[in-house]
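Here is a short briefing to read alongside the sequence and the 3D view.

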Amino acid sequence: MTGRTSPSSEERLAALHEKLLAAVTDLVQSDRWRQMLTTAARFPTYSPSNVLLIAAQRPDATRVAGIRTWNDLGRRVVKGERGIAILAPCTYRPTRTDPEVASRNAEPGPPRSADEDPVSRRELRGFRVVHVFDVNQTEGQALPDVEPQLLTGDAPLHLWEHLAAVVDEDGYVVERGPCPPGANGYTAFRLRTVRIRDDVEPAQATKTLAHELGHIRADHERRFPDYAASAQCRGRAEVEAESVAFLVSTSAGLDTASYSLPYIAGWSEGQPGLLRESATQVLLTARSIGAPDNRGNEQGSRTADLALGGSWDLAPALARGLDHS
């Protein structure tokens, strides 16, 4: 009678990736995710100049809208709050007196489509100042949003040292310090530097280091040269890097589900199939990174079962403007 053979590290990683795929699929098919998308669609998209105006007046702004939008969403601006001034375009219907235009307008033509956009027949004649408010300036019904939740607490023993050693092996230097607003870390490929925020707890810092190492080991510098300009390239890279971070961290006993699942769901734009398309690259990358003292075994599996099979809290407000990692 032969003894039972335990699964190999490759088999454990593959099984863990399947659990990740199933959990992300459940999230993007949930009512909460659909409600979040419906709510997000009601927020206006601001021009680059207005984004700068908002940032200059309220650097911590996350979700901005006018009073009418907030009222429609069941929230009210707190009394005494000062609005954020932005510029709104003033458009008018053109008045044509040109004889040629008048003659042309007099000629019979095809009837105008009922759904023809009236804005396209208007002219811009300047701007006016309007005021908007950040969500933190309002009160009322909670927004049905889903956002990665920063991890708290300690990281598994030696995991940071293990990841830092792999980063060093690949010719990069790890440093701690401030990062751009909204980002927990970043990789500067040209400078061969990985920077991690110095004001997050060890669990988050370690998970972020695994994410940045995922970018390096998955060769995103060469595979996605249009990362900064292409939303498709950036989305694929972020899905791969965070999937690698999840596999490596969970294998070492660090539960990252409350951060990784909504992060991956957001960057995949609710299309879990992207995880399956990236599976080979993700598994090869995670295997190349490994974990300290071969802890990617039973404890990692138990952590994954608890994280993906149970219930976990999701913080509000999905923000995809930056690579939070």
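**The mixed sheet and its surroundings**

Three strands, in the order E6-E8-E7, form an open sheet of 3 strands with mixed pairing. Helices (H or I, at least four residues) and strands (E, at least two) are DSSP runs, numbered from the N terminus, and two strands pair if DSSP finds at least two bridges between them. This is a predicted model, in which local features need pLDDT of at least 70 and side-chain atom pairs count only at pLDDT 80 or more, while totals for chains, interfaces and linings use all residues. Residues are numbered from 1 along each chain as its sequence is written, and side-chain values use heavy atoms, with hydrogens and water left out.

**Strands of the mixed sheet**

- The edges belong to strand E6 (173-176) and strand E7 (185-188), each of which pairs on one side only.
- From one strand to the next, the twist averages 20°; angles run from 0 to 180 degrees between N-to-C directions, and axes are lines fitted to C-alpha atoms, for helices over the stretch in contact.
- E6 and strand E8 (residues 193-196) run parallel and are joined by 4 bridges.
- Arg176 sits opposite Ile196 in E8, and Glu175 has Arg195 in E8 as its bridge partner.
- E7 pairs with E8 in the antiparallel sense, over 4 bridges, and Ala188 stands opposite Thr193 in E8.
- The hairpin of E7 and E8 has 4 residues between the strands, and in this hairpin Arg192 takes a positive phi near 55°.
- E8 is covered on both faces, with Thr193 and Arg195 on one side and Val194 and Ile196 on the other, all buried; buried means under 20% relative accessible area, exposed over 50% and partly exposed in between (1.4 Å probe, protein chains only).

**Helices on the mixed sheet**

- Helix H6 (residues 159-169) packs on the sheet and touches E6 and E8, with its direction at about 130° to that of E6. Touching here is contact, meaning heavy atoms within 4.5 Å.
- Helix H7 (residues 202-217) also packs on this sheet and touches E6, E7 and E8. The direction of H7 makes about 155° with that of E8.

**Helix against helix**

- H7 and H9 pack with their axes 8 Å apart, at an angle of about 130°. That angle makes H7 oblique to H9, since angles under 35 degrees count as roughly parallel, over 145 as roughly antiparallel, 65 to 115 as roughly perpendicular and the rest as oblique.
- The crossing of H7 past H9 is right-handed; a crossing is right-handed if the near helix is turned clockwise from the far one by less than a right angle, and left-handed if anticlockwise.
- On the H7 side, Lys207, Ala210, His211, Gly214 and His215 meet Ala237, Glu238, Ala241, Glu242, Val244, Ala245 and Ser249 in H9.
- The contact of H7 with H9 divides into 5 nonpolar, 4 polar and 3 charged residues. Ala, Val, Leu, Ile, Met, Phe, Trp, Tyr, Cys and Pro count as nonpolar, Asp, Glu, Lys and Arg as charged, and the others, Gly among them, as polar.
- Helix H9 (residues 231-251) and helix H12 (residues 279-289) have axes that come within 9 Å and cross at roughly 45°. That makes H9 oblique to H12, and H9 passes H12 in a right-handed crossing.
- Glu240, Ser243, Val244, Leu247 and Val248 of H9 make this contact with Gln281, Val282, Leu283, Thr285, Ala286 and Ile289 of H12.
- By class, the contact of H9 with H12 has 7 nonpolar, 3 polar and 1 charged residues.

**The antiparallel sheet**

- Another open sheet of 3 strands has antiparallel pairing and the order E1-E4-E3.
- Strand E1 (64-65) and strand E3 (84-92) are at the edges with a single partner strand each, so one side of each has no neighbour in the sheet.
- E3 and strand E4 (residues 123-134) pair in the antiparallel sense over 8 bridges, and Ile84 stands opposite Val132 in E4.
- Helix H3 (residues 48-57) packs on this sheet, touching E1 and E3, and its direction makes about 155° with that of E3.

**Ile67 and the whole chain**

- Ile67 lies in helix H4 (residues 67-72) and is partly exposed, with a relative accessible area of 44%.
- Beyond its neighbours within four places in sequence, Ile67 is in contact with Val77 and Phe133.
- The protein chain has 13 helices and 8 strands, and 41% of its 325 residues count as buried.
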